[in-house]
Amino acid sequence: MSVKKRIPFFWIFLVFLGFGPFDVIHSFGGSGMGPSARSMEPDQAIGQLFFVEINPGTTPRDLEEIKKRALSGEIRGVIFVDIPVSKVKETIPFFRKKEIQPGLFCGIDFSRGFPDSLFGAHPVPSPASLGCVSDERLVKAVGYEIGLRMGSLGLDFIILPRLSQFEGSGNFKNYIGSEASDIAGVLSNLSSGISLSKVLPVIDFDFLGVAYSPRTESLFNSGYTLQALEDLFGSNRFLAVGNLGESAILRDELGFEGLVMNRAFNEKVRQVFSEKNLSAEYLFDKGISLFRFSKPPKKEYKTLRKIIEKNRLDEDFYSKTNAILNIGFYSNRHSSIDSHELAEISGYGLGELLEECRKSALVTLDPRHLLPIIDLEESRIGLLEIRDRDQAAASIREQVGRYQKISWLGIETGSSVDSMDFRTIEKWINGFSKRDYLIIDYSGGAAGQKAVDHISGIGSKLGLKQVHVYNGVIPQGARNQTFIFCPDRGEDVNRAVAEIIFGGGFSTGRMAFSSSRMGVPSGSGFFLHKIDRIGQGLPQELSMDQNILFRIDDVLEEALTDSATPGGQVMVVKGGNIIYENSFGKHDYEDEKPVMEENIYDIASVTKVAGTLQAVMKLYEWGVLDLDAKASEYLPELRGTNKEDLIVRDVLVHQAGLKPYIPFWAHIMKREDQADFFYCQHKGNWFSVPVTDSLYTMASIHDSLWNWTIDSELLEEEEEGGYKYRYSDLSFYILLEIAERLLNQPIEHFLEQNQWDPIGISRMSYNPLQRFDKAEIIPTEVDHYFRNQRIQGTVHDQGAALLGGVGGHAGLFSNSLELAKLFQMNMNSGNYGARKYFRDGIVELFTSQDREKNRRGLGWDKPNPFGEGPTSELCSYNTFGHSGFTGTMAWADPDFDLVYVFLSNRTFPDASNRKLIDQNIRTRIQDLIYDSIFKEELEEASRLEGPLHEMLYSPEIKDE
């Protein structure tokens with residue numbers, strides 16, 4: 001099959017999107033054709049064919065020689081090879097001097113892939129990742145970003161990763177793919193982006209490293225089709241780089257009439273130059289236009305000069321040389337980089353773009369339909385990470401743990417599989433059952449392959465559901481497995497892998513590699529949709545201004561500087577994606593331990609809605625709780641008391657006439673002998689209820705507190721139709737009693753079984769010291785008035801502490817992620833992770849404003865439609881949530897699909913510290929979140945159905 005097609009020579013160098021043939025000179029900034037080769041001295045004219053490398057082997061003497069020839073005009077350009085970008089930046093200014101005429105044409109060689117340090121701390125997608133990305137816009141955007149950065153250094157061209165095929169062996173990472181047409185498409189998109197940056201992309205052909213033969217003929221016919229070549233040459237207009245055989249193929253077989261530079265113009269071609277004059281003619285006959293040297297050329301000048309003097313290559317030489325001179329007008333046309341330029345094309349910032357590209361390259365094959373994992377409470381999850389001792393791959397352990405509690409085992413294979421402790425591995429695996437999942441994360445190596453085969457065999461016998469994660473390798477037998485292929489690894493990719501496994505994100509990559517050994521065809525890949533679990537996202541993908549969100553950091557810094565809190569956690573979830581997450585500050589003012597995302601906080605009164613109210617809503621859904629019934633119908637001991645006629649609905653909206661709270665602890669501590677009667681520093685049969693981890697009270701204390709609650713007086717202020725709104729902790733003392741009586745089990749057991757386990761909430765708990773190390777829990781206060789100790793790991797609220805840590809109004813501990821999951825479920829009308837936790841309409845009923853002059857929903861707090869309230873004035877009326885005394889807050893706004901969580905320990909070491917409240921830190925952050933949605937058009941907020949509308953009067957109190 002012939003693929004000959006002549007491509008107009010001078011159009012090779014037109015800018016992407018194209019100019020007419022008469023526009024090319026002016027588009028390069030020249031006025032006319034520039035200097036003619038015929039007007040030059042012979043050595044200068046010859047030098048226009050020569051490019052010299054600056055590489056790690058370039059000596060100071062070589063560099064001086066290169067500079068000398070640049071000043072004399074005896075070389076056309078320099079190519080930086082395997083030189084750090086910082087070194088390029090340091091060296092290139094010399095070659096940009098005006099004294100160098102005609103201007104030097106400078107480039108950089110990335111034919112073997114882009115170096116990891118290209119963008120500093122931001123890892124660059126490998127060629128393999130670019131090959132597996134299905135969204136060609138991302139590849140173009142990466143090319144544009146690379147072009148911008150290289151252009152800003154003063155470089156004129158970039159030699160792209162080689163157009164070579166993976167044939168079933170070697171490192172995936174160094175190849176774009178297996179199919180030639182796919183490779184050509186990736187390079188076409190990459191070069192399109194580079195061209196937009198006004199830097200010239202150059203293709204490096206590698207037709208399997210051999211001259212044209214029947215072997216390569218089948219390659220061209222099957223892969224390098226005429227259409228693919230038109231994409232590369234006809235549209236994007238490249239120079240080309242190849243060896244002697246490939247250069248001839250480009251010209252004779254593929255009809256390329258452009259400039260060709262020899263890739264390996266070192267000892268092999270130097271030898272050709274030394275074999276008399278005809279050898280140089282031979283080079284031109286083979287299609288070479290530009291000669292590249294690893295060291296400054298010397299003898300080669302003499303060889304070509306003799307040929308020119310004999311007029312053997314006169315016409316061809318001068319036409320090529322004049323064409324080469326014209327590309328010089330592309331030089332020194334680089335403007336400074338505008339940080340927003342890339343965003344205008346791709347919508348991403350630099351780091352986000354590169355991260356998105358690496359994540360989008362993940363390929364999922366799921367013939368067994370195991371993904372995403374849905375039934376978290378019914379399945380244990382084991383993670384086995386297999387690493388060769390000499391290999392490094394980032395662990396997915398932490399990211400998988402964000403979705404579900406896991407059992408983990410890590411092993412090193414070393415040089416031999418025989419050295420592995422298979423007894424330990426088998427014992428670990430045998431702890432699982434048929435309904436469980438086994439995730440095997442494997443990074444290559446012969447011993448590792450044997451280990452995977454052995455362990456997979458054991459898992460298959462047990463009937464485990466196996467998910468394999470392969471890092472840059474695909475072992476034999478992968479065809480029938482459920483696996484995720486990772487061309488690159490890093491924390492960003494780990495997060496994406498976990499999202500794919502649990503449905504928190506998409507999987508869109510397609511396999512760029514194939515071989516008979518792997519049994520996985522090129523182009524394969526499952527498109528997995530995100531389910532309604534929280535994943536990771538970018539603000540710009542959700543129409544939010546990231547620059548405004550960055551200002552949250554300033555507010556947090558203010559809080560730390562002013563000692564409003566020692567530290568905390570902030571999380572913002574939009575559209576089911578985390579778009580801002582920050583663990584800031586320290587555990588306390590003296591401890592140097594930084595707050596981490598796994599640390600858990602006492603969420604105080606947020607317990608009301610995250611704990612007790614979840615049970616109350618479920619009881620209502622089941623039909624066993626009537627909101628308009630008297631509480632005494634469920635609590636007979638209320639009959640005959642002043643609370644006999646309390647209506648459940650009134651209790652929920654804090655209009656039952658109950659006191660705000662009763663200081664039970666102070667009541668007990670009135671007399672020293674009473675204190676000794678109620679408390680003991682040692683746990684025993686009588687003193688069995690922990691108040692702290694070193695103070696215990698009697699089990700009967702619950703009955704005492706409950707009787708004191710029943711006997712408490714009601715408020716005097718009454719109006720027609722009932723009591724006024726007055727926030728009360730006692731409401732949730734009563735609601736917890738109702739819930740546990742109807743559930744017939746402790747509330748913590750109910751929540752764990754019905755919400756926490758199936759949702760994948762593993763770091764939310766009452767009495768966290770029973771499950772977590774004390775060092776993981778943030779302290780709340782140094783108590784000098786009741787418990788006389790540092791409060792850490794036991795509930796701060798004194799009433800909840802006397803109840804053994806489980807109160808209707810307080811007692812829950814959580815980190816920001818777990819609380820966000822719970823609020824996301826409620827905001828989704830009870831749906832999360834493809835499961836339904838509440839019937840349609842239940843959450844909406846409880847989160848709606850229930851009374852005309854009371855902002856509250858049924859248990860939930862709400863924005864104040866009458867003026868200053870607990871939320872930003874920009875949120876919608878449908879927002880619901882709660883705040884907590886320790887400095888916590890969580891809100892969900894279904895109109896904006898938005899969840900906001902703020903956790904802190906503002907009460908440490910002194911609960912009287914009100915700076916967090918007085919400086920309005922939490923609500924100011926919420927303001928910024930909405931500002932980022934509205935951007936500069938805040939007038940849009942006035943059209944929202946929210947509390948910004950009618951500011952009628954301020955509330956009496958701001959509840960915690």
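## Pro372 and the other cis proline

Pro372 sits in the loop that runs between strand S9 (363-365) and strand S10 (381-387); helices (H or I, at least four residues) and strands (E, at least two) are DSSP runs, numbered from the N terminus. The peptide bond joining Leu371 and Pro372 is cis, with omega at about -10°. There's another cis bond between Phe908 and Pro909, where omega is about -5°. Pro909 belongs to the loop between strand S32 (898-904) and helix H32 (915-918).

A quick word on what you're looking at: this is a predicted model, where local features need pLDDT of at least 70, side-chain atom pairs count only at pLDDT 80 or more, and totals for chains, interfaces and linings use all residues. Residues are numbered from 1 along each chain as its sequence is written, and side-chain values use heavy atoms, with hydrogens and water left out.

## The chain as a whole

The protein chain has 33 helices and 32 strands. It runs to 960 residues, and 59% of them count as buried, meaning under 20% relative accessible area, with exposed over 50% and partly exposed in between (1.4 Å probe, protein chains only).

As for contacts (heavy atoms within 4.5 Å), take those in the chain with a separation of 6 or more: 73% of them come from residues 24 or more positions apart.

## Strand S17 and its partners

Strand S17 (residues 577-585) runs parallel to strand S15 (residues 535-536), and 2 bridges join them. Strands are called a pair if DSSP finds at least two bridges between them. On this side, Gln536 stands opposite Ile578.

With strand S16 (residues 567-574), S17 runs antiparallel, joined by 8 bridges. Here Val570 faces Asn582 of S17. S16 and S17 form a hairpin with 2 residues between the strands, and Gly575 in that hairpin has a positive phi near 60°.

Ser543, not a glycine, has phi near 60°. You'll find Ser543 in the loop between S15 and helix H21 (546-561). Ala604 also has a positive phi, near 55°, and lies in the loop between strand S18 (601-602) and helix H22 (607-622). Ala604 is buried because its relative accessible area is 7%.

## Gln655, a buried loop residue

Gln655 is in the loop between helix H23 (648-652) and helix H24 (664-668). Why does Gln655 count as buried? Because its relative accessibility is 13%.

Beyond its neighbours within four places in sequence, Gln655 is in contact with Asp650, Tyr723, Lys724, Tyr725, Arg851 and Asn854. A polar atom of the Gln655 side chain lies 2.8 Å from the backbone oxygen of Tyr723.

Methods. A polar contact is a pair of N or O atoms within 3.5 Å; within protein, one must be able to donate a hydrogen and the other to accept it, and residues adjacent in sequence count only if both atoms are side-chain atoms.
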